[in-house]
Amino acid sequence: MINKFFEIKSSTIIKTNIIIPNYQLIMHNVIKELKEIKAKNIFLQIPEGLKTRAEELINTLEENGFDVICSMDPCFGACDIKPDTAKLNNCDAIVHLGHNKFLENNTIPIIYLPLTFELNHIDKLIKNLINYLKKEKINEIGFVTTIQYLEHIPKIKDELKKENIKLVTKKGEKVEEGQILGCNYSSAPNTKNIVYFGEGLFHPLGIHFSTQKEIIIFNPTENLISHLDKEKDKFLRERILLIEQAKDASEFAILISSKLGQNRIKIARQIKKDLEANGKKAKIYSMDFISQTFLLGINASAFINTACPRISIDDFKEYKKPIINFYEVEYLLGKSYDDYKIKMFY
Ligand code: SF4
């Protein structure tokens with residue numbers, strides 16, 4: 001059920017905030033900023049998890065006097081800003097929900113509104129973390145999380161400090177302090193143990209293989225704490241198997257994305273040269289949304305992905321041919337797997 005908040009402002013009723021269980025979108029500042037820049041026609045981008053609420057989000061903006069065109073293309077991150085489509089539709093600003101700023105030098109005003117995940121049980125979570133760290137005799141941790149949980153860091157830090165446990169955060173490149181992305185682990189602090197506060201294994205594996213640190217996974221949804229352990233071996237075995245399968249290919253398809261924050265044409269060209277110098281054939285293919293469906297006509301025996309790393313890590317089983325990330329080409333060309341690393345910052 002959605003609750004709607006209203007705010008009275010200059011005799012106008014402005015609907016500003018939308019609360020969806022566990023998520024909070026504070027629309028107030030977005031509306032204020034849009035009015036400040038005198039935007040009228042809005043190109044709205046919504047993350048996949050909120051597409052079912054598109055109509056409510058459009059209503060909220062329309063009720064505040066804006067005309068809205070809502071993009072229904074898949075949008076998994078702020079790497080996927082579409083200024084050309086916005087301008088094609090005569091829009092004068094983009095409202096991008098779910099993520100924070102990623103790209104510099106945009107040709108159209110972009111207003112970002114990250115999602116905040118509410119944690120009503122934060123006290124319980126902190127207590128569980130303190131008990132775990134005391135049991136493991138850990139008195140210093142690095143701490144990273146995704147944008148949705150960032151605002152909880154100060155409280156967690158304060159409560160740990162009361163128990164003489166130091167929580168260390170770092171501001172990485174082009175992210176907030178403590179924030180990580182699947183293509184950017186540069187906020188990982190240089191501590192022996194790093195706590196990843198969030199769900200899933202993709203990020204903790206990325207932090208481990210880009211920093212070589214011990215990772216403690218703290219899943220706030222389930223209030224579960226675990227050590228990243230056997231998953232590391234499984235992940236490494238999967239990557240090596242894929243790279244070895246790709247080694248047999250004589251012809252490669254290098255995939256580039258036309259999404260602004262995922263395009264790596266320079267890297268793609270360099271990889272083509274490197275492969276050709278090693279007696280392989282390679283062609284470069286450009287797509288907006290990379291998916292097996294659109295690659296059916298390609299005869300190459302392996303794919304090199306230069307776009308979002310999740311495509312080759314989370315989704316590799318959906319591809320009929322081995323798909324590896326661009327930084328894995330050096331292993332394909334002979335580098336030892338002993339120091340297998342994921343790129344820290346794309
Ligand atoms: S490239 Fe992938 S991991 Fe990086 S921000 Fe975009 S969707 Fe997220």
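Q: What volume does the second largest pocket have, and what makes it a pocket?
A: The second largest pocket of this predicted model has a volume of about 290 Å³, the space filled by probe spheres set on grid points joined across faces, edges and corners. A pocket is an open set of points on a 1 Å grid over the protein atoms alone, with protein on both sides within 12 Å along at least five of seven lines, whereas in a cavity a 1.4 Å probe fits but cannot get out. Its lining, residues with an atom within 4 Å of a point, comprises 16 residues, with Phe-102, Leu-103, Lys-174, Gly-261 and Tyr-346 closest to the centre.

Q: Why is Leu-242 called buried?
A: Buried means under 20% relative accessible area, exposed over 50% and partly exposed in between (1.4 Å probe, protein chains only). Leu-242 has 6% relative accessibility and therefore counts as buried.

Q: Which residues does Leu-242 touch?
A: With contact defined as heavy atoms within 4.5 Å, Leu-242 touches Ser-312, Phe-316, Pro-322, Ile-323 and Ile-324, residues up to four places away in sequence not being counted.

Residues are numbered from 1 along each chain as its sequence is written, and side-chain values use heavy atoms, leaving out hydrogens and water. Local features need pLDDT of at least 70 and side-chain atom pairs count only at pLDDT 80 or more, while totals for chains, interfaces and linings use all residues.
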